[in-house]
Each structure stands twice: as C-alpha cells, then as structure tokens.
Amino acid sequence: MTGADHDTIVAPATAPGGAIAVVRVSGAEALAVCDRIFRGRGKLADAAGYTVRYGRIVEPSAAADPASDSGAPAERTIDDVLVTLFRAPHSYTGEDSAEISCHGSQYIVSELLRLLCRAGARMAEPGEFTVRAYLNGKMDLSQAEAVADLIASSSRAAHTLATTQLRGGYSADLEALRGRLLQLVSLLELELDFSEEEVEFADRTQLRETMEQIDARIEAMRCSFTLGNAIKQGVAVAIVGAPNAGKSTLLNRLLNEERALVSEIAGTTRDVIEERTNIDGVEFRFLDTAGIRTTEDRLERMGIERTLSSIARARIIIRLLDATQAGDSDTVPAPDFEVRRDQRLLTVMNKLDRCPGRTLPEGVLGLSAKTGEGLDTLRCALRAAVDTEALYHGDTVVSNSRHAEALTAAHDALLRALEGLHEGLPTDLLSEEIRQVIGHIGTITGRGQITPDEVLQNIFSKFCIGK
Ligand code: GDP
C-alpha cells in the first residue's frame, strides 16, 4: 500500500493513561531491531515464538550523551519491560513481531518509539499492521474491517456482529455464493468450447433457478444491513409528542442509569453518550426531537422540520400522549406523521400517576415518566422492536455500507443476467454478466481478485495507529 511493505514498523498499541503501555513492532527485522535496544538473557532473535522475555530497554552507549560520563559512556536504561515474541507466520501480521510492555508513561513510550526508529524501524501508518495481516493472507478484507468494528463496539450486539465477521463465518457465506456463481460460469464456458456442436451444458431452466436462488441469498444479506447498521450505529429512536407530554422527562429517565455508569469512565464525551443507552445488549440512540410548538412562527417551523427529520431517520418512534389531555376515549387518534413499513411505532400514554385507574386503549403502553412506573415495560418493548434473533443464531448480518453497496451491485448485475437469460443472450455475454456478479461479491472479501490500492487506503485509513 505504501510501497514499503517490507519495512519494520512500530506503533503504540495502547491509549495513553493506563498503568502499562504496549508498543508493537512487526517486520522481517523486527526482532533484530528490538535486540539493538533490549538487554536481557539472550537475544530475542534467537527466542521461540509465543514466549515472553524480561529485560531492559536501553539507549545504546554510542548514542548516549558523551558529556554525561568521563569514562566509557554507560547505556541509559529507559525502562524494565516484558517482550512477547511472535514468529512468522504465527503472528497477527504474519511477520516476526514483538509486543513490548512497558510502564504506561508517555515519556517512556515516546523514548521507546524514538529508539526503535533509530534502530531501524519506522512509525506505522494507521491500520498498517492489519494491512499486512491482509496482504499476508492472515485475514480477508471483511475480517480486517471487523477488527475496526470490534475495537469500536459498545454493546453486546455490536460485539457479536464484529466477532462473527472476524471469525470468518461471513466470509465463508460469501465464498459459498462465489463458488456457486463460478460453477455457473464454468458450465457456460464449457458450452462455448463446444460451440460448434451446439450443445447446451447448462440447462436454461435450471440455470434460471440457480440464479434466482443465489439472488434470493444476496437479497437476504442485503436486507440484513438495516439491522446490522442499526446495531453498529445504535438503533435510532425518535420520541415525539405535544409540548409538555413528558418527552424530556422520559428521555432523562431512559438515559439516567446508563449515564451514571458511563460518566465514571474518564475522558468519555458526555455529550455523545448522554443520548445513547444500552438495553439488554443493544445500543439505542435518541434523535433530537425538540419541542414541536413555540409561539414564534419561524422557530415553530424549524422545530417541526427538525422533528419530522428525526421521525424520518428513526427506526423506532415513541409517540408520547398525555393522559391528562387525552380524554377517556377507547381509541387514540392516528398519528399526524407517516410511519413507514420499516419503522416501528410505540404509542405510550404518559402521566398515568395523574389518572389512576384509567384503562388504556388497545396496543397503548402506560407510563409515568415521573414515577418510573411502566418504564421497564417500555424498555422491553424497545428491545423487542429490534429482532436480533438472526444475529445470535449466527446468521450473516451485514453491517458495513461498503458490503451493502457491493451486494446491491451484485444484485443488479444478477438481474441483468436473468434478463439476458430470458432474452436468449448469447452464452459468452451471459457468462460475462455472471462474472460481473462474482466481481462485486469478491470486492467484499478481496479474495480472488486484485483489490485496488484506493479501496485498501479507504478501508485502513479509518483504523487507529497500532492496529
Ligand atoms: P416535553 O415538553 O414533552 O419535553 O415535556 P417535559 O418532559 O418537559 O414535561 C412537561 C411537564 O410534565 C413537566 O412539568 C414534567 O414534570 C411533567 N411530567 C412529565 N412526565 C410526567 C408524569 O409521568 N407524571 C406527571 N405527573 N408529570 C409529568
């Protein structure tokens, strides 16, 4: 990717602030580079993989400050460290690698990096360790992307999503699809070889059936993106209702317990976290649903627009009604906004503490945002609105928009092929159409085709340094 894929690279692998920091080194010369600044029993280059060595990191004497000592300049010790060794190909990158665990001081880490660079390594670029893992065949592209998702995962569901993808179940599914498509192409191409004899190796009815089955699978994977994306980004929820219905009170209630937990983690951005809450392993993200009405006209318009835009982006809409304003009717009026088929509407009657004994219209949940009564039922309803069954059963769930786009392109190409089949397209052109489908599927894993540099750049530039 950088044209310097054989360099020894180095990067901090841990965030500042911990008791211990880890610096990673990888490359054919990784252990020799470390040996130049490591003093322990024996050379790291002679040690076996999956072993840990204790020793000191020193600034070599030739480079130490000559003015500091009149005699032979002593090596300056930077820190006592543990070095974990990995031998190619049994490492994350597939190369010889070392992970140096030192004390978690920013100064020590920066000295370590400086000395390693002077000893022959260079600083890694974001995601470069994972690029190497990919280039060395340790993982495919979708698995590499799952590494970034795993690091970013903040709920059980997002974690399951990333680990399933990382373990390769997802890649195996795609590989199976690719295999079936390749089989079709070989049948068609066999036919071309015998074109003079006008044989049809690929029975057209069967061909159509197989292509339709493959398309159904592609479509199912593509549709799973709605769930996958919601889980990865947080399920978008809009709380709507008339002014004073209790929207803010409810939001605060829903966020409260979570907020108390997360605010203890130093350095977390409260602004972001305050609008998210985790319910039974799924993260929910509350969209801005500021008051609908204000006295001033322009503000009113802006408020309504904002609310409508939140409703449009939401996967779940909580429609909050005020029991003290609702009258005694057995039915509730239809919502004054559109609910799409992919959205879930939860109608909730709030302030029940003010209307004891009130019977609720069918399908309406009761709540007192003030006392907290009914809150657990609402939480359950929110959680139940996200069907994670597929995820926990290990089905393929697509969560990456790059993959969703590739599947859409594959689906479109397959439709063209089906159309071609219907119109009696010549075998060579039909085969070409199916090759297009294979090409699109192949971009997801990067297997079986040359992945352009810009695609790699795009994927790995989002990684943190040291991964
Ligand atoms: P919003 O305009 O929809 O955000 O409504 P607020 O959350 O600001 O609430 C409006 C008023 O209703 C406030 O005085 C709240 O204390 C009150 N309120 C909200 N929920 C309840 C409830 O369940 N019971 C009672 N009695 N009052 C509530």
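Helices here are DSSP runs of H or I with at least four residues, numbered from the N terminus. By that count, helix α8 spans residues 247-262 and supplies three residues to the shell around the ligand, the largest share. The model is predicted. This briefing covers the ligand site and then a sheet with its helices.

**Ligand shell**
- The ligand is surrounded by 15 residues, and the closest are Asn244, Lys247, Ser248, Thr249 and Asp353.
- By class, the shell holds four nonpolar, six polar and five charged residues.

- Ser248 places a polar side-chain atom 2.6 Å from an oxygen atom of the ligand.
- Gly246 has a backbone N or O atom 2.9 Å from an oxygen atom of the ligand.
- In the side chain of Asn350, an N or O atom is 3.1 Å from an oxygen atom of the ligand.
- On its own the ligand has 580 Å² of accessible area, and the protein covers 74% of that.

**Sheet**
- An open sheet of seven strands has the order β3-β4-β5-β6-β2-β1-β7, with mixed pairing.
- Its edge strands, β3 (38-40) and β7 (122-123), each pair on one side only.
- Strands β2 (residues 20-26) and β6 (residues 97-103) run antiparallel and are joined by seven bridges.
- Arg24 stands opposite Glu99 in β6.

**Helices on the sheet**
- Helix α2 (residues 106-118) lies across β1 (9-12), β2, β4 (51-59), β5 (76-86), β6 and β7, and runs at about 75° to β5.
- Helix α3 (residues 128-135) also packs on the sheet, where it touches β1, β2 and β7.
- The direction of helix α3 makes about 135° with that of β1.

Technical notes: Residues numbered from 1 in each chain as written. Predicted model: local features only at pLDDT ≥ 70, side-chain atom pairs only at ≥ 80, totals over all residues. Heavy atoms only, no water. Near = heavy atom within 4 Å. Polar contact = N/O pair within 3.5 Å; in protein donor to acceptor, adjacent residues only side chain to side chain. Areas by Shrake-Rupley, 256 points an atom, 1.4 Å probe, with all protein chains shown as cover. Helix = DSSP H or I, 4+ residues; strand = E, 2+ residues; numbered from the N terminus. Nonpolar A, V, L, I, M, F, W, Y, C, P; charged D, E, K, R; others polar. Pairing = 2+ DSSP bridges. Contact = heavy atoms within 4.5 Å. Axes fitted to C-alpha atoms, helices over the stretch in contact; angles between N-to-C directions.
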